[in-house]
Amino acid sequence: MKIHLILLFLIFGLQLRAQDTTSTTSDIEHSVVSNPKDYGYVIFNQDTLFVLKANLGPISPVERAELVNKRLAQIYKENLMLTDSFNIIDVKLYSMLTYRDMPILSLSDQDAILVNQTRYELIREYRQILETAFKNDIRNRSVWYWVTHVLYTLLTFVGLFVILYLVNRLFKWIDNKVLHYQKLINAKVTSYLRYLTPRGPEYFVSFLLKVVKVAIWVLILFLYLPLLFGFLPWTKGLVSDFYGFISVPIKQILNGLWVFISQKLIYIIFIYFIAKYLLRVISYVSQEIETGKLKVKGFHQEWAKPTYKIVRVLVLAFTLVFMWPFIPGSGSDAFKGVSIFLGVLFSLGSTSAIANIVAGIVITYMRPFQIGDRVKIGETVGDVMEKNLLVTRLKTLKNEDVTIPNSTIINTHLWNYSKNASNLGIILHTTVTIGYDVPYTVVNDLLIKAAKNTPNLSRDFKPFVLQKSLSDFYIEYELNVYTKQPGKMMQFYSDIHKSILDEFNKAGVEIMSPHYTAMRDGNASTIPGSAPTEPPKNPVTDIIDKVTQPGKKKA
């Protein structure tokens with residue numbers, strides 16, 4: 001029976017102990033602040049002495065730290081020098097640190113448990129930290145301290161000046177040594193270096209040395225600043241702030257670079273090599289089709305190069321689309337804003353350019369002309385010298401260079417004189433008007449004879465004559481001849497006209513316009529060499545002579 005009672009008391013005692021432990025642990029977890037932003041930082045002379053992480057009753061760590069900082073600032077303003085006046089008052093639940101009769105800090109068991117110390121050990125550690133901070137402040141206020149630290153600062157400044165001077169002299173010596181070697185740089189290489197140097201490619205090495213010298217100066221200043229500004233109390237914070245200002249963006253850049261290299265760069269490289277290999281295959285197939293080694297039914301050789309350009313643009317566009325999610329900053333608002341701005345600018349400013357590009361693609365696959373063809377576009381006649389996605393360039397018969405937008409070509413008539421010339425020949429035609437007094441058979445024979453006497457015309461097809469119209473005063477005849485050289489059509493027209501004149505003059509047949517025929521008053525023929533030595537007298541002139549000269553009549 002006694003054994004049972006003892007076991008019952010032991011179990012009851014363990015349960016009470018567990019409940020007390022659980023309650024204490026729960027109170028500690030409830031009083032501890034988990035977010036570091038809500039911690040309280042005790043600061044003296046711009047130095048963080050210690051951190052408060054637990055609530056003290058209803059007071060948060062931030063409020064506790066603000067109270068401690070105000071009391072320390074009050075002590076600092078009173079210029080008190082007695083650093084041994086810090087006392088500790090220990091009660092049942094709290095330990096208090098005072099300066100003379102002024103309470104400074106109170107600690108609870110929760111504060112001690114967080115740092116694995118007893119409450120008394122922690123309050124003694126905080127008292128030691130405050131005493132050390134006040135001692136350093138007292139030492140910093142002494143005259144000797146200021147004199148020595150000002151001297152140290154001046155000496156470090158002189159040392160910095162000496163170091164920079166020696167670095168400058170060293171680079172001047174190196175620059176003089178390599179000056180005569182700069183002229184040995186290959187001219188082909190230096191032609192690209194002139195864009196990198198302000199004084200020309202021959203000074204590239206000197207420019208590079210100056211860049212290295214400035215980089216070394218910056219490195220020396222960066223490493224020397226803690227020593228230069230570390231002696232005076234009010235400049236210590238400048239160095240830490242400066243390094244914090246520099247280190248934060250550098251750290252972000254390095255972290256972003258590491259994330260980019262480790263997580264995204266591998267995908268970009270993979271996509272790049274796939275696109276590069278695909279373009280190489282497409283380029284090889286295009287060259288094979290262009291040279292005629294590979295034939296695809298319904299696909300012309302001249303389509304190979306423009307098709308490759310179009311496919312290349314599409315491949316590059318899809319490559320950029322696949323790379324876009326892995327490009328740093330592609331998801332930022334600034335990047336999106338710039339993309340939208342460029343898109344709107346491109347849309348508003350390139351409407352005609354897009355129209356010309358679409359027309360250029362259509363012209364490429366319509367194949368209305370090739371390079372070297374003699375064509376007529378609108379009122380312009382010339383040989384095609386160049387065609388691209390935007391414009392087509394012609395060289396006219398007067399050696400004028402005319403640029404025509406592709407959209408204009410799509411919206412107007414186009415004559416190609418060269419397309420059928422090699423097989424069927426091109427028909428050159430000219431018209432003459434002859435009066436009804438000349439039999440049409442005579443005119444036909446003369447025109448055919450003139451065509452046969454014209455040199456360099458095609459003899460594969462016979463020339464022919466058409467009576468195009470029967471007008472009031474004349475018949476309009478059209479002579480048609482063949483040639484396979486459209487590039488010389490203007491010269492052939494001139495030769496045909498010469499032959500027609502020669503043949504008609506030999507036959508005594510006049511080529512007269514209707515106006516000339518209507519005004520005919522008996523003058524001599526217009527055929528060269530057929531005019532009489534004395535022109536016939538006009539009857540009107542004889543009547544006038546009789547009226548004005550009566551004496552001559554009587555005689």
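Mentor: An open sheet of 3 strands runs in the order β3-β4-β5, with antiparallel pairing. This is a predicted model, in which local features need pLDDT of at least 70, side-chain atom pairs count only at pLDDT 80 or more, and totals for chains, interfaces and linings use all residues. Residues are numbered from 1 along each chain as its sequence is written, and side-chain values use heavy atoms, with hydrogens and water left out.

Trainee: Why do β3 and β5 stand at the edges?

Mentor: β3 (86–90) and β5 each have a single partner strand, so one side of each is left without a neighbour in the sheet. Strands here are DSSP runs (E, at least two residues), as helices are (H or I, at least four), numbered from the N terminus.

Trainee: What makes β4 and β5 a pair?

Mentor: Two strands pair if DSSP finds at least two bridges between them. Strand β4 (residues 94–99) and β5 have 6 bridges, in the antiparallel sense, so they meet that rule. One of the bridges joins Y94 to S108 in β5. The hairpin of these strands has 2 residues between them, and R100 takes a positive phi near 55°.

Trainee: How do you know that β5 is mostly covered?

Mentor: Buried means under 20% relative accessible area, exposed over 50%, and partly exposed in between (1.4 Å probe, protein chains only). In β5 (residues 102–108), 6 of the 7 residues are buried.

Trainee: What is called the largest nonpolar core, and which residues have the most contacts inside it?

Mentor: A nonpolar core is a set of buried Ala, Val, Leu, Ile, Met, Phe, Trp, Tyr and Cys residues joined through side-chain atoms within 4.5 Å. The largest such set has 24 residues, and those with the most contacts inside it are I434, L447, Y477, L479, I500 and F504. β11 (426–434), α13 (440–452), β13 (475–483) and α14 (489–507) each supply at least two residues of this core. α14 gives the most, with 6 residues. A second, separate core of 22 residues includes V42, L72, Y99 and L105.

Trainee: Why is the pair of E503 and K449 called a salt bridge?

Mentor: A salt bridge is a side-chain nitrogen of Lys or Arg within 4 Å of a carboxyl oxygen of Asp or Glu. For E503 and K449 the closest N and O atoms are 3.8 Å apart, so the pair qualifies. E503 in helix α14 and K449 in helix α13 are 54 residues apart. At 6% relative accessibility, E503 counts as buried, whereas K449, at 47%, is partly exposed.

Trainee: What does the salt bridge of K484 and D460 tie together?

Mentor: Their closest N and O atoms are 3.0 Å apart. K484 lies in the loop between β13 and α14 and D460 in the loop between α13 and β12 (464–470), so the pair ties together parts that are 24 residues apart in sequence. D460 is exposed, with a relative accessible area of 55%, and K484 is partly exposed at 35%.

Trainee: Where is pLDDT below 50?

Mentor: pLDDT is the predictor's confidence in each residue, from 0 to 100. The protein chain averages 77, and 73% of the residues score at least 70. Over residues 1–30 the pLDDT is below 50.

Key
Contact means heavy atoms within 4.5 Å.
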